[in-house]
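Please report on this protein and its ligand. Cover the overall fold content and the ligand shell.

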Amino acid sequence: MEKEKLPSTNINWYPGHMAKTKKQIQEDIKLVDIIVEILDARIPKASQNPDISKLIEGKKHIVVLNKSDLAEENENKRWQSFFNSNGVPCIVANSNSGIGSKETIIKVQEIMADDLLKQEQKGRVQKNIRLMIVGIPNVGKSSFINRLARKNSATVGNKPGVTKQKQWIRIEHNIELLDTPGILWPKFESQEVALNLAFTGTIKDEIMDEYEIAYYLISFLYNNYQQRLKDRYGLDNEDLDKDIIGLLELIGKKRGAIMSGGRIDETKTARIILDDFRSGRLGRITLERVK
Ligand SMILES: Nc1nc2c(ncn2[C@@H]2O[C@H](COP(=O)(O)OP(=O)(O)O)[C@@H](O)[C@H]2O)c(=O)[nH]1
Ligand SMILES: [Mg+2]
């Protein structure tokens with residue numbers, strides 16, 4: 001049985017401060033040679049900024065599939081090949097463990113090698129490679145910056161007392177990293193994209209009702225990861241005959257999310273499910289596949 005298709009919810013969300021942020025990013029991009037765009041490996045499409053290619057025109061560009069520990073390993077590999085074969089070098093990363101930061105530095109050196117060689121041949125003193133991290137909220141930009149900076153966190157070019165000045169962190173003998181990431185805005189081109197952003201927590205739960213998000217997540221899991229659903233919540237085959245609301249009620253009951261009077265606590269049930277998904281307790285789940 002295929003559970004019901006998603007009705008169309010309207011998500012109207014555009015952070016008011018984005019215009020200012022966009023200007024700032026455009027200024028910062030001028031200062032760097034290479035842009036490292038962080039994506040969420042579970043949603044490589046939905047977590048990519050819609051205007052990225054225009055924003056970074058003329059700059060070198062790498063994509064990092066972060067939170068790879070939360071997405072399926074095979075799918076991570078497929079996405080990596082997808083980006084690579086489209087001419088965008090792609091690194092698979094996990095900023096909790098540090099996987100991918102060294103590979104990123106090596107890739108940056110590799111990509112910039114020609115430019116550096118040309119400078120040398122022109123008899124110029126080699127300048128530092130400057131890079132910045134960009135990405136939509138919650139993809140792990142700050143975590144990734146911390147990983148890159150861990151080895152050598154000496155900031156460069158900062159005069160004491162001058163707060164306005166850009167802070168650069170030397171992460172290699174010839175690579176400097178801008179210490180603050182560029183925060184990009186997500187796209188809401190379809191219901192599916194918006195829901196994927198909601199599942200992963202990019203759209204804050206206050207903006208879309210948690211129970212509604214959990215409803216769609218259970219629906220997705222029912223259609224794509226049935227066994228995980230059964231394992232996590234101790235469901236049997238008969239339980240799966242229920243509709244989505246029925247499944248939510250059952251999960252709520254099993255987890256003790258019940259209000260006085262015996263009705264299930266919808267918000268509590270939703271939070272349990274969303275938390276299980278976001279923390280990886282439902283297993284590694286890739287929401288978007290390479291077509
Ligand atoms: N499982 C997992 N969690 C991560 C990873 N990178 C970041 N996080 C978590 O994701 C959340 C958002 O990370 P943060 O660096 O603040 O994202 P930012 O908003 O893009 O700067 C935090 O709770 C991080 O601990 C990762 O690779 N794997
Ligand atoms: Mg951050």
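The report below takes the basis of the model, then the protein, then the ligand.

## Basis

This is a predicted model: local features need pLDDT of at least 70, side-chain atom pairs count only at pLDDT 80 or more, and totals for chains, interfaces and linings use all residues. Residues are numbered from 1 along each chain as its sequence is written, chains are lettered from A and ligands numbered from 1 in the order in which they are written, and side-chain values use heavy atoms, with hydrogens and water left out.

## Protein

The protein has 10 helices and eight strands. These are DSSP runs, numbered from the N terminus: helices are H or I, at least four residues, and strands are E, at least two.

Of its 291 residues, 49% count as buried (under 20% relative accessible area, 1.4 Å probe, protein chains only). Among contacts (heavy atoms within 4.5 Å) with a separation of 6 or more, 71% join residues 24 or more positions apart.

## Ligand shell

Ligand 1 is surrounded by 13 residues (a heavy atom within 4 Å). The closest are Asp 69, Ser 95, Asn 138, Lys 141 and Ser 143. Helix 5 (residues 141-150) gives the most, with three residues. By class, the shell holds two nonpolar, eight polar and three charged residues; Gly counts as polar, and Asp, Glu, Lys and Arg as charged.

## Polar contacts

Polar contacts are pairs of N or O atoms within 3.5 Å. The side chain of Asp 69 places an N or O atom 2.8 Å from a nitrogen atom of ligand 1. Oxygen atoms of the ligand take part too: one is 2.9 Å from a side-chain N or O atom of Ser 142, and a backbone N or O atom of Gly 140 lies 3.0 Å from an oxygen atom of ligand 1.

Note on methods
Polar contact = N/O pair within 3.5 Å; in protein donor to acceptor, adjacent residues only side chain to side chain. Buried < 20%, exposed > 50% of the residue type's maximum accessible area, 1.4 Å probe, protein only.
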